Amino acid sequence: MTQNNIKIAITGGIGSGKSTVAKIIKSKGFAVYSCDEIYAELLKKSRFIEKIGGEFDGVIINGTLDRKKLADIVFNDAFALKKLNDLTHVEIMRAAFARMNDEKLSFLEVPLLFENGYEKYFDSVIVIMRDKAKRIESVVERDKISANQAQLRINRQYNYDSDNFMKYYVIHNNDNLAILEAMVNETIDKIIKKF
């Protein structure tokens, strides 16, 4: 990473508001990429789908990955979740960095940054924090699942409440969109001044 190629990760637990923060940054004219979007693109490639189907029984239907069925498997089994992450994340990150390498300053929304130790590949990290009750509410609404299922997904992920992120940019997303946008703008200003 050089001063002409600054890479910033955007991360946080499920339902924390990573995508909303990414959209705000993108609206300011910055290059912003998403691991979830890159994953969706990879799922259109038969080689990638076959790789997943080879590890998880019954998740490929007519050549298409049944994402709901796969989610049901991995969010109920920590070993299966790790297996899926190990299988997919290297390819996702490779594709992401290929895009980011062309930018002076770019951002990548990375859901499982700390779980996989990817933070070391970035110049800095924006961590989105949010109260658990609001995260559960957000996941229930977005994924049309029960509060118990949302809680289970949160419990299976990295515990952001147990870590100290002093060396990173932390945004607390517990208020309205206008306040969140103001905090994002302030963070972007700090990043631009630093780099």
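Which residue in β5 is the bridge partner of Y33? To find out, open the structure, which is a predicted model, and follow the stops below.

**Stop 1: the sheet and its edge strand β2**

Select residues 31-34, which form β2, and then residues 105-109, which form β5. These two strands run parallel and are joined over four bridges. The bridge partner of Y33 in β5 is L108, while A31 has S106 as its partner in β5.

Now display the rest of the sheet. It is an open sheet of five strands, paired in parallel and arranged in the order β2-β5-β1-β6-β7. Strand β2 and strand β7 (169-172) are at the edges; each has a single partner strand, so one side of each lacks a neighbour in the sheet. On average, neighbouring strands are turned by 20° against each other, direction ignored. As background, strands of a sheet pair through backbone hydrogen bonds, in either a parallel or an antiparallel manner.

Return to β2 and colour its residues by face. A31 and Y33 are on one side, V32 and S34 are on the other, and all of them are buried, so that both faces of β2 are covered.

**Stop 2**

Select β6, residues 124-129. How many of the six residues of β6 are buried? Six of its six residues are buried. S124, I126 and I128 are on one side of β6, with V125, V127 and M129 on the other.

Show the partners of β6 next. Strands β1 and β6 pair in the parallel sense over five bridges, and G12 has I128 as its bridge partner in β6. On to β7: four bridges join this strand to β6, and the two run parallel. Here I128 stands opposite I171 in β7.

**Stop 3: a residue in β1**

Select T11, which lies in strand β1. Is T11 buried or exposed? T11 has a relative accessibility of 0%, and therefore counts as buried. Leaving aside neighbours within four places in sequence, the contacts of T11 include K18, V110, P111, L113 and F114. Also among them are V125, V127 and Y160.

T11 and Y118 are 107 residues apart in sequence, and their C-alpha atoms are 11 Å apart in space.

**Stop 4: the nonpolar cores**

Select Y39, I52, L70, L108 and F122. Of the 39 residues in the largest nonpolar core, these five touch the most other members. The elements giving two or more residues to this core are β2, α2 (35-42), α3 (46-53), α4 (67-74), α5 (78-100) and β6. Helix α5 gives the most, with nine residues.

Centre the view on Y39. Not counting residues up to four places away in sequence, Y39 touches F48, I52, L65, R67, L70, L84, T88 and I92. A second, separate core has 18 residues, including I6, I10, A22 and L105.

**Stop 5: two helices that pack together**

Select α2 and α5. Two packed helices are described by the angle and the distance between their axes. For α2 and α5, the angle is about 105° and the axes are 9 Å apart. This makes α2 roughly perpendicular to α5, because angles of 65 to 115 degrees fall in that class.

Show the side chains where the helices meet. On α2 they are C35, I38, Y39, E41 and L42, and on α5 they are L84, T88, E91, I92, M93, A95, A96 and R99. The residues of this contact comprise nine nonpolar, one polar and three charged.

**Stop 6: two loop residues with positive phi**

Most residues other than glycine have a negative phi. Select N62, in the loop between β3 (60-61) and β4 (64-65). N62 is not a glycine, yet its phi is positive, at about 50°. With 78% relative accessibility, N62 counts as exposed.

Finally, select K144, in the loop between α6 (132-143) and α7 (147-155). K144 also has a positive phi, about 55°, although it is not a glycine. Its relative accessible area is 69%, so K144 is exposed, the cut-off being over 50%.

Key. Residues numbered from 1 in each chain as written. Predicted model: local features only at pLDDT ≥ 70, side-chain atom pairs only at ≥ 80, totals over all residues. Heavy atoms only, no water. Pairing = 2+ DSSP bridges. Axes fitted to C-alpha atoms, helices over the stretch in contact; angles between N-to-C directions. Contact = heavy atoms within 4.5 Å. Core = buried A, V, L, I, M, F, W, Y, C linked by side-chain atoms within 4.5 Å. Buried < 20%, exposed > 50% of the residue type's maximum accessible area, 1.4 Å probe, protein only. Parallel < 35°, antiparallel > 145°, perpendicular 65-115°, else oblique. Nonpolar A, V, L, I, M, F, W, Y, C, P; charged D, E, K, R; others polar.
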